[in-house]
Amino acid sequence: MAELSLTLSERHTADFEMIGNGGFAPLTGFQGSADWERVCSEMRTADGDYWPIPITLASDLDCEVGDVVELSSDEGKKLGRITVEEIWERDVKREAEQVYGTTDEAHPGVAAIYEEGNRMLAGPIEVDALPDHDEAFMRRYKTPVEHKADFKARGWKKIVAFQTRNPIHRAHEYLTKAALETCDGLFIHPLIGKTKAGDIPAEVRMRCYEVLMENYYPDDRVVLGVKPAKMHYAGPREAVLHAIVRRNYGATHFIVGRDHAGAGDYYGTYDAQKIFDTIDIEELGIEPLMFEHTFWCNECEGLASNKTCPHDADARLFLSGTKVREMLGNGERPPHEFSRDEVADILIDAYKED
Ligand SMILES: [Zn+2]
């Protein structure tokens with residue numbers, strides 16, 4: 001019998017990696033219909049564990065239940081195999097509605113699942129190798145087990161994780177440091193998998209994070225890692241997924257900002273914080289830390305939020321994303337109250353290379 005093989009898409013490659021490296025524990029393979037059903041309707045796996053977004057493998061591959069299919073990454077590297085336990089059809093509209101809260105094809109996460117289609121293969125995976133990444137990432141790459149060991153060696157007990165897919169400007173630097181004030185360590189964990197068009201490429205962001213680490217964060221209190229997952233832009237549901245993944249990497253606390261993991265205006269500003277009100281935090285195994293939008297205030301003479309600053313908008317530095325992109329594109333540094341010059345310079349160079 002000929003060997004069955006499948007080249008995974010970039011998104012499925014990222015899922016394979018997160019399952020394979022333990023970041024998606026308790027998942028051990030691509031989910032089937034029983035899991036999908038309960039994840040969509042109750043945010044739990046068939047076994048009852050919290051799980052907010054189906055992790056499934058869409059494929060038209062001609063195969064049967066019981067077949068073993070060799071899997072390669074989108075770049076052609078042999079990764080391992082899946083034992084097909086189920087071949088099933090998903091109701092992709094229902095997934096969009098229940099998981100993403102919209103069936104709008106303009107939503108980047110919804111568009112991605114529509115494009116994948118409905119025919120799914122499910123079953124456990126066996127991992128021979130993980131996908132390759134650019135050097136800048138691999139230098140920082142650790143699996144959940146390795147990060148846990150690192151945190152333990154550092155003597156950290158209370159560890160706060162920060163998810164990001166953007167360069168870190170002063171506002172986010174401030175909230176990570178505010179969180180760190182009450183924790184032993186800060187785990188900056190940028191997502192490096194597939195993001196949407198217009199987002200800043202991961203290799204550019206990594207340079208920004210590294211320059212910040214070198215100049216503005218204490219070495220012995222902060223760890224920079226990389227999270228090889230894709231974005232779903234599922235807002236509240238994805239905030240829960242981001243928290244579960246950081247729990248698996250050894251964090252005890254997780255920063256949830258406003259508009260976490262959203263896209264456009266599909267979600268309310270606080271939806272990603274409110275969803276945790278419906279969750280048993282002890283069972284989840286990681287505690288969310290909710291943060292307000294933060295900004296520089298001339299009257300406070302520092303970074304602040306609505307919670308800490310009594311001044312009105314005139315005192316507060318506000319720059320829209322569009323304005324910041326325009327300045328950087330023109331080779332102009334935003335005010336240093338907004339962005340560290342070292343970060344601005346990296347972004348200016350990146351715009352020039354474009
Ligand atoms: Zn103020």
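This is a predicted model: local features need pLDDT of at least 70, side-chain atom pairs count only at pLDDT 80 or more; totals for chains, interfaces and linings use all residues.

Let's start at the metal. His311 has a relative accessible area of 26%, so it falls in the middle class and is partly exposed. Its ND1 atom is one of the donors to the zinc ion, together with the SG atoms of Cys297, Cys300 and Cys309, at 2.1 to 2.3 Å. Cys309, by contrast, is buried, at 6% relative accessible area. The angles among the four donor atoms run from 102 to 115°, and the site is tetrahedral. If you want to find the donors in the sequence, look for the spacing C-x2-C-x8-C-x1-H.

From the metal we can move on to the charged pairs. Arg81 and Asp128 form one of them, with 2.5 Å between the closest N and O atoms. Arg81 sits in strand 5 (residues 78–83), while Asp128 sits in the loop between strand 7 (119–127) and helix 5 (135–138), so this pair ties together parts that are 47 residues apart in sequence. The arginine of this pair, Arg81, is buried, because its relative accessible area of 16% is under 20%.

Glu173 and Lys177 meet in a salt bridge with an N to O distance of 2.8 Å. Both belong to helix 7 (residues 170–180), where they are four residues apart, about one turn of the helix.

Next comes Arg333, whose salt bridge with Asp345 has its closest N and O atoms 2.8 Å apart. This pair links distant parts of the chain, with Arg333 in the loop between helix 12 (321–329) and helix 13 (341–353), and Asp345 in helix 13, twelve residues apart. Here both partners are partly exposed: Arg333 at 42% relative accessibility and Asp345 at 29%.

Salt bridges can also join into a network, as they do for Arg11, Arg90, Glu95 and Glu116. Of these, Glu116 lies in helix 4 (residues 108–116). Glu116 is partly exposed, with a relative accessible area of 21%. The C-alpha atom of Glu116 is 8.8 Å from that of Leu57, although the two residues are 59 apart along the chain.

Last, the second largest pocket, which holds about 540 Å³ of space. It is lined by 26 residues, and the closest to its centre are Glu10, His133, Ile192, Gly193 and Lys194. Helix 1 (10–20) and helix 8 (202–216) are the elements that give two or more residues to this lining. Helix 1 provides the largest share, four residues. Sorted by class, the lining has twelve charged, nine nonpolar and five polar residues.

Note on methods: Residues are numbered from 1 along each chain as its sequence is written. Side-chain values use heavy atoms; hydrogens and water are left out. A salt bridge is a side-chain nitrogen of Lys or Arg within 4 Å of a carboxyl oxygen of Asp or Glu. Buried means under 20% relative accessible area, exposed over 50%, partly exposed in between (1.4 Å probe, protein chains only). Donors are N, O and S atoms within 2.8 Å of the metal (3.2 Å for Na, K and Ca); water is not among the atoms, so sites may look incomplete. Four donors count as tetrahedral if all angles lie between 85 and 135 degrees; four count as square planar and six as octahedral if opposite donors are over 155 degrees apart and all others between 65 and 115; anything else is irregular. On a 1 Å grid over the protein atoms alone, a cavity is a set of points where a 1.4 Å probe fits but cannot get out, and a pocket is an open set with protein on both sides within 12 Å along at least five of seven lines; lining residues have an atom within 4 Å of a point. Grid points are joined across faces, edges and corners, and a volume is the space filled by probe spheres set on the points. Ala, Val, Leu, Ile, Met, Phe, Trp, Tyr, Cys and Pro count as nonpolar, Asp, Glu, Lys and Arg as charged, and the others, Gly among them, as polar.
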